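Biologist: I would like to know how the words used for a model follow from its numbers. Please take me through a few of them.

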Amino acid sequence: MSISHRVHSLPGGARLVVETMPERHSASVVLMFAGGSRLEDDRLAGVSHFIEHLFFKGTRRRPSSKEIADAIEGVGGFINASTDKELTAYWARVPSEHLDLGFDVLFDIVANSRLDPADVEKERTVILEELRMYQDQPQDLVQNLFEELIWPDHPLGREIAGTEESVSRITRDDILEYADAHYRLPNLVIGAAGALQEEATLATVRSGLSLRRDQNGGLGAGPPGPLAGPRALVRRRDTEQAHICLGARAFSYLHPDRHALDLLNTVLGEGMSSRLFLNIRERLGLAYDVHSFTQKHRDTGYLGVYIGVEPKKAVDAVNAVITELRGLSDSEVSPDELERAKEFTKGRLRLELETTNGVAFWLTYQELLLGQINSIESELSLVDAVTEDDVRRVAGEVLSGAMQMAVIGPFARDSAFRLAIGE
């Protein structure tokens, strides 16, 4: 698989990344803005997510959410958006002959949203219900609690949607000011992939851009401070299953060892042939759901493990997971394990890039956050270059850090959990 992209600098500081895929029948457009919840202070926590919701409520040309949806869905397309901690993305996938429509609708919602006072109040209620929903879903809540421990007193450790208190007090003036500061051309990368004509796409983008050109928005929070030590947080709930997240800080998406970290994670807990699945679920029968995952930001990250387990077996499951973690730093992975992890990682990347949406996001994400786009061949070669020694070295570095653990379940005491991680 080969991707041949072109990056165009646009008036005002925005960039356009184009990938022509003539064999496809669709085209995808992504507008990706630098920003997200990391830029917010406590008073405005959740404002980026609030704005993302409001942009779909109506523009001056399309005054209702129905008209926005109908424009794209009326040709069989899809439109959506998401807010992350370091970016906010708006995207549409349409039949290729309707690419100009996809651009038109996305440009309209990010530049011409009405932000009507009545919509602000209605959407405030919706977001508050969304936050309460997360509180009732222990699988989501336990990861949020874990991130609070990993990045204490820092915006990265806060729920992207904010808190009930912050969402309740954000005003329309706050929203207007924040949107004006951050939705500007220097903060924007546009991605387009699919059956498209590059020069025609470039002309469409140049004629459609109408955001402000001057830089604003400022820098977000600096890197999180050091952790004081291991910590376990137990939230008592009368659940049928205990939900546990544990792990340690790891690398950013700019770190030279990020590929070794990804392979470590795959060996540990990605898929049904990983160590956690085979040993914690299959051999010991301690948990139905056990897997590992990583999170990476520009200056920090973490390696985490999730366990869904019967409460009576929770401490045994935690101790078994910690044994697996220690095993990674005490001994090298086998050549067969590492080869499986490499093929898994390379195969998943190829599958992600099967769709025009996947390609558009992959290119736009790299251009926005990394400042350059690696070819697929380069990415695959970096994965192949990782050795058993690299994985063991990275495991030793990451897993020697202060372990953090969040637990939700019917537990009256936390002493056994604290003991397990050495608090």
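Modeller: A residue is called buried when its relative accessible area is under 20%. Keep in mind that this is a predicted model.

Biologist: Why is A248 called buried?

Modeller: The relative accessible area of A248 is 1%. The cut-off is under 20%, so A248 counts as buried. A248 lies in strand β8.

Biologist: What is A248 in contact with, leaving aside its neighbours within four places in sequence?

Modeller: The contacts of A248, with those neighbours left aside, are F146, I150, Y302, L303, V398, G401, A402 and M403. Contact means heavy atoms within 4.5 Å.

Biologist: What makes β8 and β11 a pair of strands?

Modeller: Two strands pair if there are at least two bridges between them. β8 (residues 242-250) and β11 have five bridges, in the antiparallel sense, so they meet the definition of a pair. One of the bridges joins C245 to A406 in β11.

Biologist: Which sense does the pairing of β7 and β11 have, parallel or antiparallel?

Modeller: β7 (residues 231-236) pairs with β11 in the parallel sense, over six bridges. Here A232 has M405 of β11 as its bridge partner.

Biologist: How do you know that both faces of β11 are covered?

Modeller: In a regular strand, side chains alternate between the two faces of the sheet. In β11, one side holds Q404, A406 and I408, and the other holds M405, V407 and G409; all of these are buried. For the strand as a whole (residues 404-409), six of six residues are buried.

Biologist: Which residues of helix α14 are buried, and why are they said to be on the same side?

Modeller: In α14 (residues 376-384), the buried residues are I376, E379, L380 and V383. They span an arc of only 95 degrees around the axis, and therefore sit on the same side of α14. The buried residues of α14 pack against α9 (258-269), α12 (335-352) and α13 (356-370).

Biologist: What makes β1 and β4 the edge strands of the open sheet?

Modeller: The sheet has six strands in the order β1-β2-β6-β3-β5-β4, with mixed pairing. β1 (5-9) and β4 (78-83) each pair on one side only, and they are the edge strands. From one strand to the next, the twist averages 15 degrees.

Biologist: Which helix packs on this sheet, and which strands are touched?

Modeller: α13 packs on the sheet and touches β1, β2, β3 (26-34), β5 (87-95) and β6. The direction of α13 makes about 25 degrees with that of β3.

How values were computed
Residues numbered from 1 in each chain as written. Predicted model: local features only at pLDDT ≥ 70, side-chain atom pairs only at ≥ 80, totals over all residues. Heavy atoms only, no water. Buried < 20%, exposed > 50% of the residue type's maximum accessible area, 1.4 Å probe, protein only. Helix = DSSP H or I, 4+ residues; strand = E, 2+ residues; numbered from the N terminus. Arc of directions from axis to C-beta. Axes fitted to C-alpha atoms, helices over the stretch in contact; angles between N-to-C directions.
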